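Visitor: Please pick one spot in this protein and take a close look at it with me. After that, I would like to hear how the surroundings and the rest of the fold are put together.

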Amino acid sequence: MGAKLHSSTDSLNVIANVLPVRLRIQELCTRDYMRVLQKPADSKIRTLFSTAVAIRNRFTPMSYIKYLARDFERSLGNMEIEKEDKVTTDIILDDIAVQLLPLAEDLGNRNNRTQEQKAEGKLRVDSFVEQNRGSSVMVFSDGSVNEEYSGVGGCAAVLLPIESWETEMQQAEVFSVLSNSTEAEVCGIALALDMAIQYFSTHQERSYRESLFVLSDCKAAMDIVINRYSTSGHVHVLSRIRSHLRSLHSMMVDVVLVWIPGHCDIHYHDVADHSARSVTLNDDNIPSTLVTSDTCKKLIAKQVKGLWQTRWQRVNSATFDIMPTVGCKLSFPREWCCAISYVRLLLDDSLLKAHQQRIGVEVSKCCNCGLGVDDVEHFLLQCTLLKDQRQVLKQDIQTVLEECDSRGNLDLSVQLLLFPFANSHFTDRECREILSATFRFIRNSQRQL
Ligand SMILES: [Zn+2]
């Protein structure tokens, strides 16, 4: 990354978004521990694990893994992990095709979607609903977890019946104390199929095949349902989906999953979203289901990230003042020189005179302009030798701010220029545009840092 040899490894880890080695080892060991827990209780390896001890303060490999996994074990409490997947006749005989209709394709993702794309998304879904109303059943589904990544999982679905005089059906359920967002969406699809079966079973059977549209905003969840043969994990919910699909198939109903864009003010989707959210807040009635391996992996990643953050807060570095949180994926410029300069500015360790003087290479830390100390702040915000380039930079940033419903005049700061992600008002796309303005400035300064 072009850092100097003595630059802090902790800072480099954060800049490159690479988990520190020790924590990575902990993550891998904990995952292995989880894999062992998926084995049957009487398997040899589980017995070995339960008897593993440290001998005279020295770890055996197994006791070491157990030791590293202690946080995970604690948070799992007395919940059980879903057992390993076994190929059953269900899976082999499951050949009911599920179609995908990607309405949300080429509309960006929720972080970088523009206003026009949102409007276009709403238009597409609304006209789709209009078109199929009266001829097909449509179900909007959504899932939600009450914390980022993992937590109490809930899902909801809203069913639009065929006839206009019938009332819409709405259902929501909490399905697990510990789940993740993709899984919640898969459960939402399962709930939608469940409701459709209820609906079709109370209606007269038709003599022709018809389509059932399930609308969801999570592509990952749909992929799991469509490629359910090759997905490991999610055993419980997938077996539920399999049996629903079989019932619907025998009722002459073909299932089509419709991928719609999220957060585009689509009425029924918002209803489902709201209902899924509120059901997770009311956690009196949580079934004690199994935790899937997927959720475990996310939980482990979350715990390790938490440890990384704590560790980063203890490191006293200039990089921390700019990048206070770990786990952010930065973008880097294409040109090598510029990328190296950027990384070195983040590290507060570059060829600027203040840094060179600190390690004894330069006698004076005064800038060539004669008006201050040649450090990061001076270079980016003050140096008069770069007045013209800074003007361009200010203009660029102004344009970005104006494009996103002009949030007034923002004062330039080192953090804004080098790590705009720290400001929660900006969307991901705006942050990347601010960064490219900074890169242009570094390039135009013609200084190799
Ligand atoms: Zn200067």
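Guide: Happy to, and let's begin with proline 324, which counts as partly exposed because it has 15 C-beta neighbours inside 10 Å. A buried residue would need 20 or more such neighbours and an exposed one 12 or fewer, so a count of 15 falls in between. Please keep in mind throughout that this is a predicted model.

Proline 324 sits in the loop that links α13 (318-322) to α14 (336-347). Glutamine 313 is eleven residues away from proline 324 in sequence, and their C-alpha atoms are 7.7 Å apart in space.

Now let's step back to the whole chain. The protein has 449 residues, and 35% of them are buried. It contains 19 helices and six strands, and its C-alpha atoms fill a box of roughly 90 × 65 × 35 Å along the principal axes. The division into domains gives domain 1 (18-80 + 298-310), domain 2 (89-289) and domain 3 (328-444). Between the centres of domain 1 and domain 3, taken over C-alpha atoms, there are 42 Å.

Strand β5 (residues 210-216) pairs with β6 in the parallel sense over seven bridges. Along that pairing, glutamate 210 stands opposite valine 253 of β6, while serine 211 has aspartate 254 as its bridge partner. Strand β5 also pairs with strand β2 (residues 137-145), again in the parallel sense, over four bridges; there, methionine 138 is the bridge partner of phenylalanine 213 in β5. Strand β6 (residues 253-259), for its part, is joined by four bridges to strand β1 (residues 99-102), and these two run parallel. In that pairing, proline 102 is found opposite tryptophan 259 of β6.

How enclosed are these strands? Five of the seven residues of β5 are buried, so the strand is largely enclosed by the rest of the structure. Strand β6 is likewise largely enclosed, because five of its seven residues are buried.

The largest nonpolar core holds 53 residues, and the members touching the most others are Val139, Ala157, Ile189, Ala192 and Val214. Helix α8 (residues 181-201) supplies the largest share of this core, ten residues. Take valine 139 as an example: leaving out residues up to four places away in sequence, its contacts are Ala157, Val158, Leu159, Ala192, Met195, Ala196, Val214 and Leu215. Another core, of 50 residues, lies apart from the largest one and includes Met323, Val326, Cys367 and Leu435.

Helix α8 itself has 21 residues and spans 30 Å from its first C-alpha to its last, close to the 30 Å expected at 1.5 Å a residue. Because 15 of those 21 residues are buried, α8 is largely enclosed by the rest of the structure.

Helix α11 (residues 267-281) has 15 residues and reaches 22 Å from its first C-alpha to its last, close to the expected 21 Å. Its buried residues are Tyr268, His269, Ala272, Asp273, Ala276, Val279 and Thr280. Viewed down the axis of α11, the buried residues fall within an arc of 140°, so they line one face of the helix.

Not counting residues up to four places away in sequence, leucine 160 touches Arg133, Val137, Met138, Glu168 and Tyr268. Leucine 160 belongs to strand β3 (residues 150-160), and it is buried, with 20 other C-beta atoms within 10 Å. Serine 136 is 24 residues from leucine 160 along the chain, yet 8.8 Å separate their C-alpha atoms.

Methods. Residues are numbered from 1 along each chain as its sequence is written. This is a predicted model: local features need pLDDT of at least 70, side-chain atom pairs count only at pLDDT 80 or more; totals for chains, interfaces and linings use all residues. The expected span of a helix is 1.5 Å times one less than its number of residues. The arc is that of the directions from the helix axis to the C-beta atoms. Two strands pair if DSSP finds at least two bridges between them. A nonpolar core is a set of buried Ala, Val, Leu, Ile, Met, Phe, Trp, Tyr and Cys residues joined through C-beta atoms within 7 Å. Two residues are in contact if their C-beta atoms, placed from the backbone, lie within 7 Å. Domain bounds come from an automatic or database domain assignment.
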